[in-house]
Structures are given as C-alpha cells and as structure tokens.
Amino acid sequence: MSQSAQILADLMTVIEDRKANPPARSYTTSLFAGGVEKIGSKILEEAQEVVDAAGEAEAVGQAHLTHEAADLIYHLFVMLGYREVPLEDVAKELQKRFGISGLDEKASRKNSD
C-alpha cells in the first residue's frame, strides 16, 4: 500500500475507533454527537474553503488548497464513520467506475432512479 493510501486508511481507523470508544475531549467525538447535521455543515464549510483556496495563486494558494483538502477529507471520513460506511466500500464504488466515461456513468444513474 502506498504511503498516501496508508495514511487515509490509518485516519479512517482512528475515526472508527473514536466512534467505538469516544474520548470526552475529542473533536471527532463532538462531531459524532452532532450527527449528520453537524458533520454535514462542516463538510459544506470545508468544501467552500477548498473552492476558495483553489482560486488563490502560486505556492501560497497551493499550500492553502492542500490544507483545506485535508480538512475536507477528514470531515468526509467522519461522515462515513458516523454512517458506518467502510472506506473499502467507497474504494469499490470508485473501482466500478474505472474505465467508464464520467458522463456515461452519471447518465446511467439518472436512468436507474
């Protein structure tokens, strides 16, 4: 497993452990206590910050984008952990989409609704 894939797996493991064994002084625990509404609000906030950072120029903008992307991924993982969606399930979904045009994949979802 690559180092980047390993850190994502490790992060998800920590988040899942926080749900199973919630420490009193834990930001993740406080997010879980707020449920989908609180976690979702943070995901929306962080997504906007990613978009804003992407518009910033040069190395400072790139560093800011990297920081905000990490925040967004963390909060998305918290939502997955809250809803008990294994990271492996997300990976399998992405794998199913490999080799399929994004436009075709999106159109197939509309036809199956």
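This is a predicted model: local features need pLDDT of at least 70, side-chain atom pairs count only at pLDDT 80 or more; totals for chains, interfaces and linings use all residues.
I give both values because two packed helices are described by the angle between their axes and the distance between the axes. As for the handedness, the crossing in which α1 passes α2 is right-handed. The residues that make this contact are Ile 15, Arg 18 and Lys 19 on the side of α1, and Thr 28, Thr 29 and Phe 32 on the side of α2.

Let me stay with Thr 28 for a moment, which lies in helix α2. Is Thr 28 buried or exposed? With a relative accessible area of 9%, Thr 28 falls under the 20% limit and is therefore counted as buried. If we leave aside the neighbours within four places in sequence, Thr 28 is in contact with Ile 15 and Arg 18, and also with Tyr 74 and Val 78.

Now to Gly 81, whose place is in helix α3. Which residues does Gly 81 touch, once those up to four places away in sequence are not counted? They are Met 12, Ile 15, Lys 19 and Phe 32, and I would point out that Ile 15, Lys 19 and Phe 32 were also named in the contact between α1 and α2. Gly 81 has a relative accessibility of 6%, so this glycine counts as buried. For a sense of distance, Gly 81 and Lys 42 are separated by 39 residues in sequence and by 15 Å in space, taken from C-alpha to C-alpha.

Ala 33, in helix α2, gives us another case to look at. Its relative accessible area is 72%, which lies over the 50% limit, and Ala 33 is therefore exposed. Between the C-alpha atoms of Ala 33 and His 75 there are 14 Å in space, while in sequence these two residues are 42 apart.

Next, a word about the backbone. Most residues other than glycine have a negative phi, and most peptide bonds are trans. With a relative accessible area of 60%, Glu 84 is exposed.

Let me finish with the chain as a whole. Its secondary structure comes to five helices and zero strands, so that the pattern read along the sequence is α-α-α-α-α. Taken along the principal axes, the C-alpha atoms fill a box of roughly 45 × 40 × 30 Å. The chain has 113 residues, and 22% of them count as buried. Among the contacts with a separation of 6 or more, 59% are between residues 24 or more positions apart. The accessible surface comes to about 8,100 Å², and carbon and sulfur atoms account for 58% of that surface. Finally, how far apart are the mean positions of the positive and negative charges? The chain has 12 positive and 19 negative charges, and their mean positions are 6 Å apart.

Terms used. Residues are numbered from 1 along each chain as its sequence is written. Side-chain values use heavy atoms; hydrogens and water are left out. Helices (H or I, at least four residues) and strands (E, at least two) are DSSP runs, numbered from the N terminus. Buried means under 20% relative accessible area, exposed over 50%, partly exposed in between (1.4 Å probe, protein chains only). Contact means heavy atoms within 4.5 Å. Accessible areas come from the Shrake-Rupley method with a 1.4 Å probe; for residues, only the protein chains shown count as cover. Lys and Arg count as positive and Asp and Glu as negative; His and the chain ends are not counted. The place of a charge is taken as NZ of Lys, CZ of Arg, CG of Asp or CD of Glu. A crossing is left-handed if the near helix is turned anticlockwise from the far one by less than a right angle, and right-handed if clockwise.
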